[in-house]
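The following note sets out some points on the contact between two chains and on selected local features. Please read them alongside the structure.

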Amino acid sequence: MSGGKGGRQNNEVTMPAFAEKALQQGVGMAQDVSALGYVPYYGPDVAAFSPQQQAAFQGTNQMADAFGMPSATGQQYMPQAQTFDGGIQGYSSAPAFDQAVSELAVRRPGQADYLGSFTVDPVTGIPGSRTPAQRPVALEMQGGRKGK
Amino acid sequence: MGASANPAMAANPYQAAAQAQMGAMGRTAQGLNETAAQGMGNYQNPYENQVVQQTLRDVGSQALNAQNMLGAQATAANAFGGSRHGIAEAEMAKGYTQQMFDQANRMRQQGFNTALGAAQADRAAQLGAAGQLAGLGGQAFGYGQSIQQQQLQQGAMQQAAMQGLIDAAKNQYQGYTKAPQAGLAALFGGAGLTQGTQGETKSYQPGLMDYLTMGAEAGMKIYGM
(Lines give C-alpha, C1' and ligand atoms only; values in the text may rest on other atoms or scores of the structure.)
Protein backbone atom coordinates (compact mmCIF):
# COMPACT_ATOMS: atom_id res chain seq x y z
CA MET A 1 0.00 0.00 0.00
CA SER A 2 1.49 3.25 -1.07
CA GLY A 3 1.11 6.49 0.73
CA GLY A 4 0.44 10.03 -0.31
CA LYS A 5 -3.05 9.41 -1.69
CA GLY A 6 -5.16 10.75 1.05
CA GLY A 7 -4.15 8.05 3.58
CA ARG A 8 -2.45 8.60 6.91
CA GLN A 9 0.77 7.03 8.20
CA ASN A 10 0.68 6.14 11.97
CA ASN A 11 3.81 5.47 14.02
CA GLU A 12 3.27 4.20 17.62
CA VAL A 13 6.01 3.35 20.09
CA THR A 14 4.83 0.53 22.32
CA MET A 15 6.40 -1.55 25.06
CA PRO A 16 7.11 -5.16 24.21
CA ALA A 17 4.50 -7.54 25.53
CA PHE A 18 6.84 -9.31 28.00
CA ALA A 19 7.87 -6.01 29.56
CA GLU A 20 4.30 -4.83 29.78
CA LYS A 21 3.32 -8.06 31.49
CA ALA A 22 6.12 -7.69 33.99
CA LEU A 23 5.01 -4.15 34.67
CA GLN A 24 1.47 -5.29 35.21
CA GLN A 25 2.65 -7.94 37.62
CA GLY A 26 4.64 -5.32 39.47
CA VAL A 27 1.70 -2.97 39.73
CA GLY A 28 -0.50 -5.80 40.95
CA MET A 29 2.06 -6.82 43.51
CA ALA A 30 2.55 -3.24 44.61
CA GLN A 31 -1.17 -3.00 45.22
CA ASP A 32 -1.03 -6.09 47.40
CA VAL A 33 2.09 -4.99 49.22
CA SER A 34 0.65 -1.55 49.85
CA ALA A 35 -2.13 -3.19 51.83
CA LEU A 36 0.31 -5.00 54.07
CA GLY A 37 0.26 -2.29 56.67
CA TYR A 38 2.72 -1.75 59.48
CA VAL A 39 4.33 -4.88 60.86
CA PRO A 40 5.21 -4.33 64.50
CA TYR A 41 8.24 -5.82 66.18
CA TYR A 42 7.62 -7.77 69.34
CA GLY A 43 11.20 -8.63 70.17
CA PRO A 44 13.55 -6.82 72.53
CA ASP A 45 14.58 -3.27 71.74
CA VAL A 46 16.90 -2.32 74.57
CA ALA A 47 19.32 -4.61 76.34
CA ALA A 48 18.73 -5.11 80.04
CA PHE A 49 21.25 -3.92 82.58
CA SER A 50 23.88 -6.56 83.17
CA PRO A 51 24.55 -8.09 86.61
CA GLN A 52 27.77 -6.08 86.83
CA GLN A 53 25.86 -2.87 86.31
CA GLN A 54 23.28 -3.90 88.88
CA ALA A 55 26.09 -4.60 91.32
CA ALA A 56 27.45 -1.12 90.69
CA PHE A 57 24.02 0.37 91.27
CA GLN A 58 23.83 -1.50 94.55
CA GLY A 59 27.25 -0.15 95.43
CA THR A 60 25.97 3.38 94.95
CA ASN A 61 23.12 2.63 97.30
CA GLN A 62 25.51 1.20 99.86
CA MET A 63 27.66 4.30 99.55
CA ALA A 64 24.69 6.53 100.21
CA ASP A 65 23.46 4.36 103.07
CA ALA A 66 26.88 4.32 104.72
CA PHE A 67 27.00 8.11 104.83
CA GLY A 68 23.37 8.54 105.82
CA MET A 69 22.29 9.89 102.47
CA PRO A 70 19.07 9.05 100.63
CA SER A 71 19.35 6.03 98.41
CA ALA A 72 17.19 4.13 95.95
CA THR A 73 17.48 0.89 97.89
CA GLY A 74 14.47 -1.33 97.32
CA GLN A 75 13.05 0.89 94.63
CA GLN A 76 12.48 -0.47 91.15
CA TYR A 77 12.52 2.13 88.40
CA MET A 78 12.98 0.05 85.30
CA PRO A 79 10.41 -2.60 84.40
CA GLN A 80 11.33 -6.23 84.85
CA ALA A 81 13.50 -7.27 81.94
CA GLN A 82 12.17 -10.03 79.73
CA THR A 83 14.19 -13.08 78.84
CA PHE A 84 13.91 -14.00 75.19
CA ASP A 85 15.09 -17.08 73.37
CA GLY A 86 18.81 -17.46 73.29
CA GLY A 87 19.14 -15.95 76.75
CA ILE A 88 18.75 -12.41 75.50
CA GLN A 89 17.53 -10.16 78.27
CA GLY A 90 16.01 -6.86 77.37
CA TYR A 91 13.08 -4.55 77.23
CA SER A 92 10.53 -4.45 74.43
CA SER A 93 8.58 -1.44 73.26
CA ALA A 94 5.80 -3.75 72.01
CA PRO A 95 3.54 -3.40 75.08
CA ALA A 96 3.71 0.38 74.86
CA PHE A 97 3.01 0.21 71.11
CA ASP A 98 0.01 -2.08 71.56
CA GLN A 99 -1.32 0.16 74.26
CA ALA A 100 -0.97 3.23 72.06
CA VAL A 101 -2.78 1.54 69.17
CA SER A 102 -5.59 0.40 71.48
CA GLU A 103 -5.81 3.84 72.99
CA LEU A 104 -6.17 5.40 69.54
CA ALA A 105 -9.07 3.02 68.77
CA VAL A 106 -10.76 4.05 72.01
CA ARG A 107 -10.19 7.79 71.83
CA ARG A 108 -10.40 8.33 68.07
CA PRO A 109 -12.23 5.31 66.65
CA GLY A 110 -13.13 7.02 63.39
CA GLN A 111 -9.56 7.87 62.60
CA ALA A 112 -8.42 4.44 63.69
CA ASP A 113 -10.93 2.76 61.40
CA TYR A 114 -9.97 5.01 58.53
CA LEU A 115 -6.34 4.22 59.12
CA GLY A 116 -7.07 0.52 59.18
CA SER A 117 -9.13 0.63 55.98
CA PHE A 118 -5.96 1.08 53.91
CA THR A 119 -4.45 -2.18 55.05
CA VAL A 120 -5.43 -5.72 55.78
CA ASP A 121 -6.91 -6.57 59.15
CA PRO A 122 -3.82 -7.57 61.14
CA VAL A 123 -5.75 -10.39 62.81
CA THR A 124 -7.99 -11.80 60.06
CA GLY A 125 -5.95 -10.78 57.05
CA ILE A 126 -9.05 -9.46 55.28
CA PRO A 127 -8.19 -6.43 53.11
CA GLY A 128 -9.55 -3.14 54.32
CA SER A 129 -12.24 -1.29 52.42
CA ARG A 130 -9.79 1.16 50.86
CA THR A 131 -7.19 -1.32 49.75
CA PRO A 132 -6.63 -1.75 46.00
CA ALA A 133 -7.98 -5.29 46.33
CA GLN A 134 -11.36 -3.85 47.24
CA ARG A 135 -11.21 -1.36 44.36
CA PRO A 136 -9.89 -3.31 41.39
CA VAL A 137 -8.91 -1.52 38.20
CA ALA A 138 -8.50 -3.42 34.93
CA LEU A 139 -4.99 -3.17 33.61
CA GLU A 140 -5.20 -2.97 29.86
CA MET A 141 -2.69 -4.77 27.68
CA GLN A 142 -1.33 -2.84 24.72
CA GLY A 143 1.95 -4.47 23.91
CA GLY A 144 2.44 -5.62 20.33
CA ARG A 145 -1.07 -4.67 19.28
CA LYS A 146 -2.80 -1.54 18.37
CA GLY A 147 -3.88 0.43 21.30
CA LYS A 148 -7.24 1.94 21.69
CA MET B 1 23.44 -9.03 94.44
CA GLY B 2 24.43 -10.75 97.66
CA ALA B 3 26.85 -9.75 100.35
CA SER B 4 30.57 -9.75 99.91
CA ALA B 5 32.05 -13.07 98.88
CA ASN B 6 34.79 -12.58 101.45
CA PRO B 7 33.36 -13.64 104.83
CA ALA B 8 36.15 -11.85 106.67
CA MET B 9 35.05 -8.59 105.07
CA ALA B 10 32.26 -7.66 107.45
CA ALA B 11 31.76 -4.15 106.24
CA ASN B 12 31.76 -2.83 102.72
CA PRO B 13 34.32 -0.14 101.86
CA TYR B 14 31.81 2.64 102.24
CA GLN B 15 30.82 1.55 105.73
CA ALA B 16 34.48 1.29 106.66
CA ALA B 17 35.09 4.75 105.23
CA ALA B 18 32.15 6.21 107.09
CA GLN B 19 33.22 4.63 110.39
CA ALA B 20 36.79 5.80 109.94
CA GLN B 21 35.72 9.30 109.12
CA MET B 22 33.40 9.50 112.09
CA GLY B 23 36.15 8.24 114.39
CA ALA B 24 38.66 10.69 112.99
CA MET B 25 36.26 13.59 113.18
CA GLY B 26 35.34 12.74 116.75
CA ARG B 27 38.92 12.57 117.96
CA THR B 28 39.91 15.70 116.06
CA ALA B 29 36.95 17.60 117.44
CA GLN B 30 37.83 16.45 120.92
CA GLY B 31 41.33 17.74 120.42
CA LEU B 32 40.16 21.24 119.53
CA ASN B 33 39.60 22.21 123.19
CA GLU B 34 42.02 19.77 124.73
CA THR B 35 45.36 20.70 126.33
CA ALA B 36 48.25 18.49 127.27
CA ALA B 37 47.68 19.37 130.93
CA GLN B 38 44.46 17.34 130.86
CA GLY B 39 46.40 14.22 130.10
CA MET B 40 49.31 14.84 132.45
CA GLY B 41 47.62 13.14 135.37
CA ASN B 42 47.96 9.85 133.54
CA TYR B 43 51.72 10.25 133.44
CA GLN B 44 52.47 11.55 136.95
CA ASN B 45 54.70 9.12 138.85
CA PRO B 46 52.45 7.66 141.54
CA TYR B 47 55.55 7.08 143.68
CA GLU B 48 56.86 10.60 143.27
CA ASN B 49 55.85 11.70 146.75
CA GLN B 50 57.43 8.63 148.30
CA VAL B 51 60.62 9.21 146.34
CA VAL B 52 60.75 12.88 147.33
CA GLN B 53 59.99 12.07 150.97
CA GLN B 54 62.69 9.45 151.02
CA THR B 55 65.13 11.89 149.50
CA LEU B 56 64.21 14.46 152.12
CA ARG B 57 64.72 11.88 154.84
CA ASP B 58 68.11 10.98 153.38
CA VAL B 59 69.15 14.62 153.37
CA GLY B 60 67.76 14.95 156.91
CA SER B 61 69.83 12.00 158.06
CA GLN B 62 72.92 13.51 156.51
CA ALA B 63 72.12 16.77 158.26
CA LEU B 64 71.73 14.97 161.59
CA ASN B 65 75.02 13.20 161.14
CA ALA B 66 76.70 16.47 160.28
CA GLN B 67 75.12 18.10 163.33
CA ASN B 68 76.40 15.32 165.57
CA MET B 69 79.86 15.61 164.08
CA LEU B 70 79.75 19.36 164.52
CA GLY B 71 78.71 18.87 168.15
CA ALA B 72 81.52 16.43 168.74
CA GLN B 73 84.02 18.80 167.22
CA ALA B 74 82.67 21.64 169.33
CA THR B 75 82.88 19.48 172.47
CA ALA B 76 86.45 18.54 171.65
CA ALA B 77 87.26 22.19 171.22
CA ASN B 78 85.42 22.94 174.47
CA ALA B 79 83.16 25.22 172.48
CA PHE B 80 79.89 23.23 172.58
CA GLY B 81 76.98 25.51 173.23
CA GLY B 82 78.99 28.60 172.50
CA SER B 83 78.07 31.28 170.07
CA ARG B 84 80.39 30.02 167.41
CA HIS B 85 78.94 26.56 167.77
CA GLY B 86 75.47 28.04 167.39
CA ILE B 87 76.41 29.94 164.29
CA ALA B 88 78.04 26.88 162.77
CA GLU B 89 74.95 24.75 163.44
CA ALA B 90 72.66 27.41 161.97
CA GLU B 91 74.76 27.65 158.79
CA MET B 92 74.82 23.91 158.48
CA ALA B 93 71.04 23.63 158.95
CA LYS B 94 70.53 26.37 156.37
CA GLY B 95 72.66 24.49 153.86
CA TYR B 96 70.91 21.20 154.37
CA THR B 97 67.47 22.82 154.22
CA GLN B 98 68.37 24.52 150.96
CA GLN B 99 69.64 21.21 149.69
CA MET B 100 66.34 19.54 150.61
CA PHE B 101 64.36 22.23 148.80
CA ASP B 102 66.58 22.02 145.75
CA GLN B 103 66.32 18.23 145.62
CA ALA B 104 62.55 18.26 146.04
CA ASN B 105 62.13 21.02 143.42
CA ARG B 106 64.36 19.29 140.94
CA MET B 107 62.55 15.97 141.36
CA ARG B 108 59.10 17.49 141.08
CA GLN B 109 60.15 19.62 138.07
CA GLN B 110 61.50 16.53 136.41
CA GLY B 111 58.26 14.67 137.09
CA PHE B 112 56.21 17.57 135.70
CA ASN B 113 58.29 17.81 132.56
CA THR B 114 58.15 14.08 132.03
CA ALA B 115 54.38 13.98 132.44
CA LEU B 116 53.94 17.06 130.22
CA GLY B 117 56.10 15.57 127.50
CA ALA B 118 54.32 12.26 127.67
CA ALA B 119 50.90 13.94 127.57
CA GLN B 120 51.93 16.08 124.59
CA ALA B 121 53.34 13.08 122.79
CA ASP B 122 50.22 11.12 123.57
CA ARG B 123 47.98 13.87 122.25
CA ALA B 124 50.04 14.27 119.11
CA ALA B 125 50.02 10.53 118.56
CA GLN B 126 46.25 10.34 118.97
CA LEU B 127 45.65 13.23 116.60
CA GLY B 128 48.08 11.68 114.18
CA ALA B 129 46.21 8.39 114.45
CA ALA B 130 42.96 10.25 113.81
CA GLY B 131 44.47 11.73 110.66
CA GLN B 132 45.67 8.30 109.61
CA LEU B 133 42.21 6.91 110.27
CA ALA B 134 40.72 9.58 108.07
CA GLY B 135 43.23 8.69 105.37
CA LEU B 136 42.41 5.01 105.63
CA GLY B 137 38.75 5.85 105.39
CA GLY B 138 39.41 7.81 102.24
CA GLN B 139 41.40 4.90 100.92
CA ALA B 140 38.54 2.50 101.62
CA PHE B 141 36.17 4.89 99.88
CA GLY B 142 38.49 4.98 96.90
CA TYR B 143 38.62 1.18 96.79
CA GLY B 144 34.85 1.08 96.69
CA GLN B 145 34.67 3.67 93.96
CA SER B 146 37.33 1.96 91.92
CA ILE B 147 35.58 -1.40 92.15
CA GLN B 148 32.28 0.20 91.32
CA GLN B 149 33.79 1.93 88.31
CA GLN B 150 35.16 -1.38 87.07
CA GLN B 151 31.77 -2.96 87.51
CA LEU B 152 30.13 -0.17 85.56
CA GLN B 153 32.64 -0.42 82.73
CA GLN B 154 32.43 -4.18 82.45
CA GLY B 155 28.69 -4.07 82.82
CA ALA B 156 28.42 -1.51 80.04
CA MET B 157 30.50 -3.78 77.81
CA GLN B 158 28.19 -6.68 78.54
CA GLN B 159 25.13 -4.56 77.92
CA ALA B 160 26.58 -3.28 74.66
CA ALA B 161 27.18 -6.85 73.51
CA MET B 162 23.61 -7.74 74.41
CA GLN B 163 22.39 -4.66 72.57
CA GLY B 164 24.38 -5.79 69.56
CA LEU B 165 22.56 -9.11 69.58
CA ILE B 166 19.24 -7.35 69.83
CA ASP B 167 20.07 -4.96 67.00
CA ALA B 168 21.17 -7.84 64.80
CA ALA B 169 17.92 -9.66 65.49
CA LYS B 170 15.94 -6.51 64.74
CA ASN B 171 17.77 -6.04 61.46
CA GLN B 172 16.99 -9.58 60.46
CA TYR B 173 13.37 -9.12 61.42
CA GLN B 174 13.13 -5.97 59.36
CA GLY B 175 14.63 -7.80 56.44
CA TYR B 176 12.01 -10.51 56.90
CA THR B 177 9.05 -8.16 57.11
CA LYS B 178 10.30 -5.98 54.26
CA ALA B 179 10.79 -8.96 51.97
CA PRO B 180 7.66 -8.21 49.91
CA GLN B 181 8.84 -4.66 49.26
CA ALA B 182 12.28 -5.97 48.39
CA GLY B 183 10.73 -8.41 45.95
CA LEU B 184 8.67 -5.63 44.45
CA ALA B 185 11.74 -3.46 44.03
CA ALA B 186 13.49 -6.33 42.32
CA LEU B 187 10.53 -6.78 40.03
CA PHE B 188 10.40 -3.14 39.09
CA GLY B 189 14.13 -3.18 38.65
CA GLY B 190 13.69 -5.93 36.08
CA ALA B 191 10.89 -4.03 34.39
CA GLY B 192 13.08 -0.96 34.27
CA LEU B 193 15.68 -2.90 32.36
CA THR B 194 13.10 -3.81 29.75
CA GLN B 195 12.01 -0.23 29.32
CA GLY B 196 14.80 0.34 26.87
CA THR B 197 13.41 -2.43 24.75
CA GLN B 198 10.79 -0.51 22.86
CA GLY B 199 9.04 -1.85 19.84
CA GLU B 200 7.63 0.22 17.02
CA THR B 201 4.40 -0.40 15.16
CA LYS B 202 3.79 1.32 11.90
CA SER B 203 0.31 1.42 10.43
CA TYR B 204 -1.34 3.14 7.44
CA GLN B 205 -4.87 4.35 7.36
CA PRO B 206 -5.98 4.51 3.66
CA GLY B 207 -7.83 7.56 2.27
CA LEU B 208 -10.50 8.06 -0.48
CA MET B 209 -7.94 8.31 -3.27
CA ASP B 210 -6.40 5.03 -2.08
CA TYR B 211 -9.74 3.28 -2.40
CA LEU B 212 -10.41 4.84 -5.90
CA THR B 213 -6.98 3.88 -7.10
CA MET B 214 -7.42 0.38 -5.72
CA GLY B 215 -10.82 0.08 -7.52
CA ALA B 216 -9.38 1.33 -10.79
CA GLU B 217 -6.51 -1.09 -10.65
CA ALA B 218 -8.88 -3.96 -9.94
CA GLY B 219 -11.11 -3.01 -12.94
CA MET B 220 -8.13 -2.87 -15.25
CA LYS B 221 -7.10 -6.37 -14.21
CA ILE B 222 -10.61 -7.72 -14.72
CA TYR B 223 -11.01 -6.27 -18.14
CA GLY B 224 -7.52 -7.13 -19.26
CA MET B 225 -6.56 -3.62 -19.79
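1. Two residues are taken to be in contact if their C-beta atoms, placed from the backbone, lie within 7 Å. The model is predicted. On this criterion, the contact draws 49 residues from chain A and 47 residues from chain B.

2. On the side of chain B that touches chain A, two or more residues come from each of helix 1 (13-32), helix 4 (83-177), helix 5 (179-194), strand 1 (199-205) and helix 6 (208-222) of chain B. The most is given by helix 4 of chain B, with 17 residues. In terms of class, this side of chain B comprises 23 polar, 20 nonpolar and 4 charged residues.

3. Helix 6 of chain B has 15 residues and, at 1.5 Å a residue, should span 21 Å; the end C-alpha atoms are 21 Å apart, so the two values agree. Just after helix 6 of chain B, B:G224 adopts a positive phi of about 65°.

4. Most residues other than glycine have a negative phi. B:N78 lies in the loop between helix 3 (48-76) and helix 4 of chain B.

Definitions and conventions: Residues numbered from 1 in each chain as written. Chains lettered and ligands numbered in written order. Predicted model: local features only at pLDDT ≥ 70, side-chain atom pairs only at ≥ 80, totals over all residues. Helix = DSSP H or I, 4+ residues; strand = E, 2+ residues; numbered from the N terminus. Nonpolar A, V, L, I, M, F, W, Y, C, P; charged D, E, K, R; others polar. Expected span 1.5 Å × (residues − 1).
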